[in-house]
Each structure stands twice: as C-alpha cells, then as structure tokens.
Amino acid sequence: MKADITFGIHAVSTLLNREPARVRRLLVLQGRHDKRLQTLLDLAERNGIAVKAVPKAKLDELAQGVHQGVVAETTALKAGSEKDLEALLEALPEQALLLVLDGVTDPHNLGACLRTADAAGAQAVIAPKDKSAPLNATAVKVACGAAEAVPYIQVTNLARTLQLLQQYGIWITGTAGEASEDIFAADLSGPRALVMGAEGKGMRRLTREHCDQLVRIPMAGEVSSLNVSVATGVCLFEIVRQRALTPG
C-alpha cells in the first residue's frame, strides 16, 4: 500500500483523533519537549502507534514545508470517486452545499479551499481527475484537518457530474469575472453547488455552459481578481450569510 505523510501539529492531531488507523509511525523532533507535542505522544500511545525521535534534517527532508517538529507516516489519503459521490448525494441534507473546483492545480489552494469548505459547512469538494491538484501532504497540511473531514471527490467528466447534481435538485452557481450579476445581489438560496475556476483562465467553456447562474465578486481596486481560495471564501460565506437570513 502506498505510503504518505501528514505534517504539522494541527494536521497530525486531527489525523490521530479522526483516523488513527491510517498512521503507521510518528516522527518527532529530537530534544523537543512541550505540552503540544506531549498531547500528540499521548494520542499515539493510546492508539498503539510507534514514535521515533529524529533530527530536524530528517523532518525537513520528508515534509518539504513547515512541519512544526512532527511528521506522521501514513497510508495515503485517497480522493473519492463517482461511486462515492452517488452515495453522498443520496444522503445530502435539504440545504446541500458543495464546492466544485474546475482546474485548480495548486495543492496549497486545494488545501485552503478544503479548509474554507469545512468552515462553511460544505458536504464535499468536487474536481475533475485531470488538471486538478492532488490530495498530497501539502494540501493536507494547509487544510489543517479539513482534508479528513470534507470528502474530496475527483470525477472523470465534470460536465456530466454537474448534470447529475442538477438531477438531485442542486442549483449550479459559477463564478466569472465577466458575469453581469453581483454575488451580493444574487439569490443563492436552496441546495447549491458553487463552481470556482482556475486562476487566470476561470471555468472551462463546457463547465460554464452547465451552470444555472453566473456571478462575479465586485472588485473596487486595481487588481482584477482574487486568489481562488480567497474568492472561494467570499462566495461560500455569502451563501452562508443568505441562509442565516432565511427562516427555516
């Protein structure tokens, strides 16, 4: 089975609490002794997970990022498939909220979008298998635990998937800089999937054609667009805000 890593205090803590069976071994910084690390060591001990103290250079080599003195060797966290999506759709709540990423290839952006989706109460993040960010250690670290909490589902044909969502009564809202409708004036009520396109290129033509509604974020300054993870946060929480104002 393919090995992977999760690094960083919060990401490893979430993994040990939610999916300890995925953790093969915990690697911690030699000489580090503090309360945050001890909490992880206690979790590892309770779950029968081996712990090994290693030099900082070893953690740096494995993590290629800010590991905060802890790396978990794990079985790989896999993206879901169409089969997983169908099961999820059958169990969606009345006020479903899904995030669709069309062409987002940076794992940092994927991780940030997963984190925001979790905070907004989204049930899943959906992306095409081709030209999309992998659910790798960087994405998991940036997600700060959300990668284990929010399903990341990769599909073969995104346009066909959008049609499937519509069959389940989910409205598709796409974001586009040239859209005429302001997101803060748009009606975003009801079960909804928010589609975010790649930075610079935006959504692909076929994806755009399968949207029920196109909206834009008004930009008052010199820049023409926001980072995709920032724009995702703006749009998801506008949906959350509107729902909070709607009784029931």
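You're looking at a predicted model, where local features need pLDDT of at least 70, side-chain atom pairs count only at pLDDT 80 or more, and totals for chains, interfaces and linings use all residues. Residues are numbered from 1 along each chain as its sequence is written, and side-chain values use heavy atoms, with hydrogens and water left out.

Let's start with helix 10, residues 228-245. Helices here are DSSP runs of H or I with at least four residues, strands are runs of E with at least two, and both are numbered from the N terminus. The expected span of a helix is 1.5 Å times one less than its number of residues.

Which parts of the model do the buried residues of helix 10 pack against? They pack against strand 5 (97-102), helix 5 (107-120), strand 8 (171-175) and strand 10 (192-197). "Buried" means under 20% relative accessible area, exposed means over 50%, and partly exposed lies in between (1.4 Å probe, protein chains only). Among the buried residues of helix 10 are A231, C235, L236 and I239.

Now take that C235: its relative accessible area is 0%. C113 is also buried, at 0%.

Finally, look at M219, in the loop between strand 11 (213-216) and helix 10. At 32% relative accessibility, M219 counts as partly exposed.

Terms used. Contact means heavy atoms within 4.5 Å.
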